[in-house]
Each structure stands twice: as C-alpha cells, then as structure tokens.
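Please keep the sequence and the coordinates at hand while reading.

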Amino acid sequence: SSRVVFSSLSPLFPGEEEEDRIITMPPKATSDRKRKQAAEVPEAVVSSDDQSNRKARRRSTDASVSAVASCQTTEEATVADAARFNSMESIGKMIQDLFDSDNAKVNAALDTLDLDLSRNKNKCEKIQAVGGCLALVQLLKLWLEKAIAIVPACDQVAELNELAELTTLKNTLYVIISLTFQHDESRDGISAIGGVEAVVKIMKTFPKCQQLQKCAIDTLGNLAACGIGKKKVVESGGIEVLLSAVTNNFNSASICENACWVMANLVCDSNENTGLLISLGGATAVAKVRTKWSDNDEVLKWVRILAKWIGREMNSWADEKA
C-alpha cells in the first residue's frame with residue numbers, strides 16, 4: 001500500500017541496486033485507503049499569528065484601514081480558535097464513544113476516526129492530544145478479552161463474521177494503521193503503552209482469520225518503523241507470529257508479502273534479529289514462500305531482500321574463527 005518512508009541502511013550488498021534497499025512501506029496488496037493518504041496532501045493552514053503579522057505590515061503602509069484590519073484580524077483569530085476547539089471537542093467525543101456499550105456506536109466512531117485521518121493527516125496531533133493512543137490500545141485489549149471469553153476455540157476462527165467482536169478489532173487496527181502512517185509520535189506513543197504486545201496477542205489468538213492477520217501485520221509494520229516499536233515487536237514474539245502467519249496462510253499472497261516486508265525491516269542492519277529469524281526457521285519459511293509465489297513479483301521482491309540479509313548473516317558464520 002502506500003507508505004514510502006526510507007529507513008537508514010548499511011552499505012549496499014555487492015551487486016545490489018539502490019531500489020533493492022529496505023523501505024518501510026506496506027506492500028501493494030494492502031488497503032488502498034493508505035495509498036490515498038500518501039497522495040492527499042492537506043492544504044497548508046496559516047496560523048493566526050502569521051495572519052496577524054501580514055495584516056500588521058499592511059496597516060503600517062495604509063493607516064486609513066488600520067481599524068478595519070485590526071477588527072478583521074481579531075475576528076478571524078476568534079473564528080480559527082473556535083474551529084480548533086470544535087474540532088478537538090468532536091474528536092474527544094468520538095474517543096469517548098469508543099467505550100460505549102453499544103457495539104454499533106463503537107464501530108461508527110472508529111469508522112469516522114479512520115475517515116478523518118484519511119482526509120486530513122493533521123488530525124493525528126489532535127487525536128493524540130485527547131488521549132487517542134491510549135484509548136485505542138485499551139480498546140484492542142478490551143475487545144480481544146471479550147472475544148476470548150465468548151469463543152472457546154479462537155484458533156479455529158477463520159472469518160470475521162463468526163464474531164462481532166472481531167470486526168471491532170479489525171476497525172481498531174485500521175485506525176491505528178492510519179494514525180501511525182508517517183507519524184512518529186503516534187508510533188512511539190502506541191508502542192510505549194502496550195500496543196505492540198496487544199497486536200501480537202491478537203495474531204497468536206486468531207491465527208487462521210486472514211482478514212485480522214492482514215490488519216495486524218500492517219499494524220506491526222508501522223509500529224516497527226520506530227526504535228521502541230521495533231524493539232518491542234522482537235521482544236514480544238513478533239518474528240514468531242509473522243512466521244506463523246506465513247506458515248498458516250501460504251495460500252494468501254498478500255499475507256506472505258506483507259509478513260516478509262515487516263520481517264525484512266526487522267532484520268535490516270541487525271545481526272541479532274537476523275540470527276533470531278534464522279533460528280526460528282525463517283530461512284525455510286522464506287524458501288517456501290519463494291516456491292509458492294514464484295510468479296508473483298511483489299512477493300518475490302521482499303523474499304529477495306530477506307534472502308540477502310539471511311545469506312549475509314550465514315556467510316558471516318563461515319568467516320568466524322574457530
């Protein structure tokens with residue numbers, strides 16, 4: 001899907017092209033909603049201070065309109081302040097609705113938040129300001145526990161429509177994906193308060209629900225784009241659940257592609273993480289994906305990148321002194 005945020009990388013491998021370098025972007029097969037976010041650039045917002053400075057310069061060159069200009073400046077600033085207040089109040093109300101007892105109202109609030117973020121990325125700051133990161137993480141935990149309490153065999157659930165709670169989990173993940181897209185503060189905030197662990201638990205609990213797995217993989221990919229998120233993904237068993245997602249869903253090109261994308265960014269420039277991936281059977285899983293999707297260029301792109309990091313790590317073992 002949409003993100004194009006380059007990570008810092010070590011020198012290229014011999015014969016490696018610049019385009020092969022790891023980039024933190026979700027693959028093409030994921031939601032078009034995120035592609036639109038990257039393309040839609042919000043109009044520049046002029047602060048009331050900037051407006052005031054421009055009018056002050058005008059007043060200094062035309063004293064006859066100074067009173068009118070001053071009045072307009074004050075009025076415009078008041079309107080702008082009122083709009084900001086109303087916007088914050090509206091977002092705050094939606095955050096409160098996330099914990100309503102009516103599931104339909106919760107999903108409606110999530111849909112509205114997601115739509116707002118797709119239209120205006122600047123709303124990330126406002127959602128953060130009213131406690132949105134904490135609310136979303138708590139919501140994930142709450143609805144996951146509800147789902148676990150209702151279904152005795154969560155590991156056998158394959159479709160979202162088998163349980164209403166799963167749709168709410170999916171919608172919550174959608175909002176987190178949108179919120180953390182190209183927004184470091186949200187990534188840091190959600191990662192710092194248990195967001196990564198909650199997403200990993202969802203993947204472990206519902207391993208056969210492909211729609212939920214896809215959303216969770218994209219969410220982990222976004223959160224792993226920051227230092228604290230990457231560390232927590234590895235520490236909480238993120239590599240294990242990504243490998244399980246691939247193993248359980250070899251028939252899904254998008255899951256294989258997205259999981260390989262996230263793992264490629266986790267092992268990038270990290271011998272420790274690459275070694276962990278290998279020890280967990282990552283090389284075998286990547287080989288199986290390559291065989292299964294030998295005619296899918298999008299999947300093979302990430303397979304090749306993963307293979308380079310795995311190969312580099314294994315080659316270093318041959319150079320070790322006895």
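C154 is buried at a relative accessible area of 9%, where buried stands for under 20% relative accessible area, exposed for over 50% and partly exposed for the range in between, computed with a 1.4 Å probe on protein chains only. The model is a predicted one, in which local features need pLDDT of at least 70 and side-chain atom pairs count only at pLDDT 80 or more, while totals for chains, interfaces and linings use all residues. Residues are numbered from 1 along each chain as its sequence is written, and side-chain values use heavy atoms, with hydrogens and water left out.

The table lists the relative accessible area of the residues discussed here.

| Residue | Relative accessible area | Class |
|---|---|---|
| C133 | 7% | buried |
| C154 | 9% | buried |
| H183 | 8% | buried |
| V196 | 0% | buried |
| K208 | 41% | partly exposed |

A disulfide is a covalent bond between the sulfur atoms of two cysteines, and the criterion applied is a pair of cysteine sulfur atoms within 2.5 Å. By this rule the model has zero disulfides. For C133, the closest cysteine sulfur belongs to C124 and lies 8.6 Å away, so the two are too far apart for a bond.

H183 sits in the loop that joins α7 (164-180) to α8 (184-192), with helices taken as DSSP runs of H or I of at least four residues, numbered from the N terminus. Beyond residues up to four places away in sequence, H183 touches K121, C124, E125 and Q128, a contact being heavy atoms within 4.5 Å. With one of these, E125, the side chain of H183 makes a side-chain polar contact of 2.8 Å; such a contact is a pair of N or O atoms within 3.5 Å, where within protein one must be able to donate a hydrogen and the other to accept it, and residues adjacent in sequence count only if both atoms are side-chain atoms.

V196 belongs to helix α9, residues 195-205, and its contacts, apart from neighbours within four places in sequence, are I190, S191, L220, L223, G229, K232, V233 and S236.

K208 is placed in the loop between α9 and α10 (210-223). Leaving out residues up to four places away in sequence, K208 touches D155, Q156, V157 and A158. K208 and S244, 36 residues apart in sequence, have a C-alpha to C-alpha distance of 9.8 Å.

Definitions and conventions. Helices (H or I, at least four residues) and strands (E, at least two) are DSSP runs, numbered from the N terminus.
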